[in-house]
Amino acid sequence: VCVLQMSWRPTYRSSKFRNVYGKVANREHCFEGIPITKNVHDNHFCAVNSKFLAIVTESAGGGSFIVIPVTQSGRIDPHHPKVCGHQGNVLDIKWNPFHENIIASCSEDSSVSEITVITMQINLLSTIQTIQEMYFKIIILIWNLEIGEPVKMIDCHTDVILCVSFNTEGSLLATTCKDKKLRVIEPRSGQVLQEANCKNHKVNRVVFLGNMKRLLTTGVSRWNTRQIALWDQEDLSMPIIEEEIDGLSGLLFPFYDADTHMLYLAGKGDGNIRYYEVTTEKPYLQYLMEFRSPAPQKGLGVMPKHGLDVGACEVFRFYKLVTLKGLIEPISMIVPRRSETYQEDIYPMTPGTEPALSADEWLSGINRGPVLISLKEGYSRPNKLVFKAPVKEKKSVVVNGIDLLENVPPRTENELLRMFFRQQDELRRLKDELSQKDIKIRQLELELNNLRNSPNINNRNNNNNNDDDNSM
């Protein structure tokens, strides 16, 4: 006889992010009247930092993008200045994470530009260099921004490169390619450390999952359904898990938050954003919830952590591009909390704006994690709307010398205790105030006596008396 002892386990795991919800900003906090580009390239066409919002715009005779301060919401002036430094359509833009006034852009004209934004003046510093396909090869160039020149070239790909992603330390580079291969590369030497031939999972996008030594890719299965896969970065022989999402055709963009271990999936042309929690144990990907919106998204920008509203328990913020309306719509992902204190469990130390290495140190082979900061300094309590009732004539009901409408008697023992302690605190405060006033009165009396007994005062009185006698 075999006896099996079975234990009941819940079908869900406990998580502090299980009730995260998306909140769309009010109309006055959105950005309207922006001619968003109609380019169909698979990019976001948007870049955000704590100061500025940059959007690729539709223009004739070359590419351009617009830079707007994040505080300047509402309808944008049609004559707002644009950055017009490219001869072809702008394909992608990215802010410098360490210098928030510097943005980089690339274009169909095979050029890369570095631009400095100073308040509302936009100066095109230099078009760094024109990139050509050297000998018709597909290459990756790594640039040193301090000198404005490429310092490393990686030429291990045989087809168009779809996506690149650095790990946290900058020591590894993951790429997806049109040849259906996923690669992990040592960026300084260009050596391919791991390679996966994705036959059942056609990869499009890849992202490192923080310090978990995991990769996540989005792509399409052999049945043309959208799919995600989780990989071990040290062994790409087969994915850890594969999960089908839906049968839509838009490209899936992954966004990973290393502080909360949350993964967001947003499809191009979709109106929804799915989010998961990533763990190191099974089931590895725990579905949390889905944000839904009727308007399709052209692209999404992401606000850095130090630009979030910590007081509102905001853990992530998207800037959604709605082309048909010319609208940029902020979407905040919020953890519902009742307490108004700083929530340290959802805001761990996070990468700041200080670089951990210089370009020369990185090129010499040094690896170092990002410089972390705390978000507690930027915490401020949320402003609550205070409702003021209309003033009415004051009425009173006096019983035994006590106004019952002004001083409502306690109804329970706890209310009685609270009232007692409040009265005790008030008595202590009044006693302290009275003692301080007594001390002040004594000090003033002593000063007055000192003035009366001072020799200067006596001499003046004697002189005044002598003057009076002489005049008589």
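## A tour of salt bridges and one hairpin

Select E195: at 40% relative accessibility, this residue counts as partly exposed. That label covers the range between buried (under 20% relative accessible area) and exposed (over 50%), computed with a 1.4 Å probe on protein chains only.

A word on what you are viewing. This is a predicted model, where local features need pLDDT of at least 70, side-chain atom pairs count only at pLDDT 80 or more, and totals for chains, interfaces and linings use all residues. Residues are numbered from 1 along each chain as its sequence is written, and side-chain values use heavy atoms, leaving out hydrogens and water.

**Stop 1: E195 and K181.** Which residue does E195 pair with? E195 forms a salt bridge with K181, and their closest N and O atoms are 3.5 Å apart. E195 sits in strand β17 (residues 191-197) and K181 in strand β16 (residues 181-186), so the pair ties together parts 14 residues apart in sequence. Strands here are DSSP runs of E, at least two residues, numbered from the N terminus. A salt bridge is a side-chain nitrogen of Lys or Arg within 4 Å of a carboxyl oxygen of Asp or Glu. Why can such pairs form? Side chains of opposite charge can pair when their charged atoms come close.

Now select D179 and R183 as well. D179, K181, R183 and E195 are linked in a network of salt bridges.

**Stop 2: D270 and R226.** Jump to D270. Its side chain meets that of R226 in a salt bridge, 2.7 Å from N to O. D270 lies in the loop between β23 (262-267) and β24 (273-278), and R226 in strand β20 (residues 226-232), so this pair ties together parts 44 residues apart in sequence. Are these two buried or exposed? Both D270 and R226 are buried.

**Stop 3: E32 and R75.** Select E32 next. E32 forms a salt bridge with R75, with the closest N and O atoms 3.8 Å apart. E32 is in strand β2 (residues 31-32) and R75 in strand β6 (residues 74-75), so they tie together parts 43 residues apart in sequence. E32 is buried at 14% relative accessibility, whereas R75 is exposed at 63%.

How many salt bridges are there? The count comes to 20.

Stop 4: Finish with residues 90-95 and 102-107, which are strands β8 and β9. They run antiparallel, joined by five bridges. Strands pair if DSSP finds at least two bridges between them. Select I93: its bridge partner in β9 is S105. β8 and β9 form a hairpin, with six residues between them.

Conventions
Helices (H or I, at least four residues) and strands (E, at least two) are DSSP runs, numbered from the N terminus.
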